[in-house]
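Subject: Structure handover

Hello,

Here is the structure for your files. My notes on it follow below.

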Amino acid sequence: MKKIFTSSLVVTSLLLIPTLSFAEQSVVTIGYQKASLFTIIKSQHTLEKKFASQGVTVRWVEFPAGPQLLEGLNIGSVDIGATGDAPPIFAQAAKADLVYLAHSVANPKNEAIVVPANSPIHSVAELKGKRVALNKGSDVNYLLVAALQHAGLSYKDIQPVYLPPADARAAFQKGAVDAWAIWDPYYAEVSQVTHARTITTAEGLVPHYSFFLSSRKFAEGSPKLALEVVNTLKESGQWANNHKEETAQLLSTATGLSIDYWHTTLARLDYTTERMTPEVFAQQQTLADAFSKIHLIPGQVQVNRATWSQDASQ
């Protein structure tokens, strides 16, 4: 009799957990950067509110740039993250098992190559033989490659100095490098504070997307949670586009950066978020092929291997 009662109690207990399937995780870890749409979602506790009824906890981890974020995703310390267009290619080349969940619309005005205000350099062609700071594997790595090719130069014609944003900023101000390939809000900050001159943005060179990526383990194991995150990105992106001043205030508070930098950043940034398409995958393949050609990555990368099954089945 006691055995029957115990079994009934177990069955009853299991029936009292309807909100989360056994495949879904109870903790979602999200990696984000300062200008990411995730910063807005984090500040407004949007996902926490949505997941509360499901017993799901959201954990946030800030990264200085995309390559470091995707390294975290690759080793399993992050489930979902946002990066620029180049980091996923380096991650795939390193055999990271990731999938593309969504992307922003193109934002080519949000990254640039800048030089000091008193620099004699006024064009990309004049970077030949010069030291250019950049975060290796970041989205501006693609901008630099494309800009040099457009100017008739190769990657071997410059001296890349691989530094994370904070260190690159210091090297740039000290004159230890001749140019800096950087993105917002760092781009807005260095332009306003040091009067750095822009010699090119990504306009007409590369599209500059933001991508929202996940480990395949999370996306396939917790598809409902992944879809909820994508839907939240779409909703919050639309809100941010329609509330520029509130967004600037929120990002300034969240990052400690002057609201003036955020006004500049948001004036040239569109947070609209969309699901992946064959056209965007094709553009990523062009990026991957360009990096392979100049040996920035080993061998070839087939980008569409990172297609999420939720998209492949459509």
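Helices (H or I, at least four residues) and strands (E, at least two) are DSSP runs, numbered from the N terminus. This is a predicted model, in which local features need pLDDT of at least 70 and side-chain atom pairs count only at pLDDT 80 or more, while totals for chains, interfaces and linings use all residues. Residues are numbered from 1 along each chain as its sequence is written, and side-chain values use heavy atoms, with hydrogens and water left out.

Overall: the protein has 14 helices and 11 strands. Its C-alpha atoms fill a box of roughly 90 × 45 × 30 Å along the principal axes. Of the 314 residues, 52% are buried (under 20% relative accessible area; exposed is over 50%, partly exposed in between; 1.4 Å probe, protein chains only). Among contacts (heavy atoms within 4.5 Å) between residues at least 6 apart in sequence, 79% join residues at least 24 apart.

His-208 lies in the loop between strand E9 (197-201) and strand E10 (211-215), and is buried, with a relative accessible area of 6%. His-45 sits in the loop between helix H2 (37-43) and helix H3 (46-51); with a relative accessible area of 45%, His-45 is partly exposed.

There is also a cis peptide bond between Asp-184 and Pro-185, with omega about 5°. Pro-185 belongs to the loop between strand E8 (179-183) and helix H8 (186-194).

Regards
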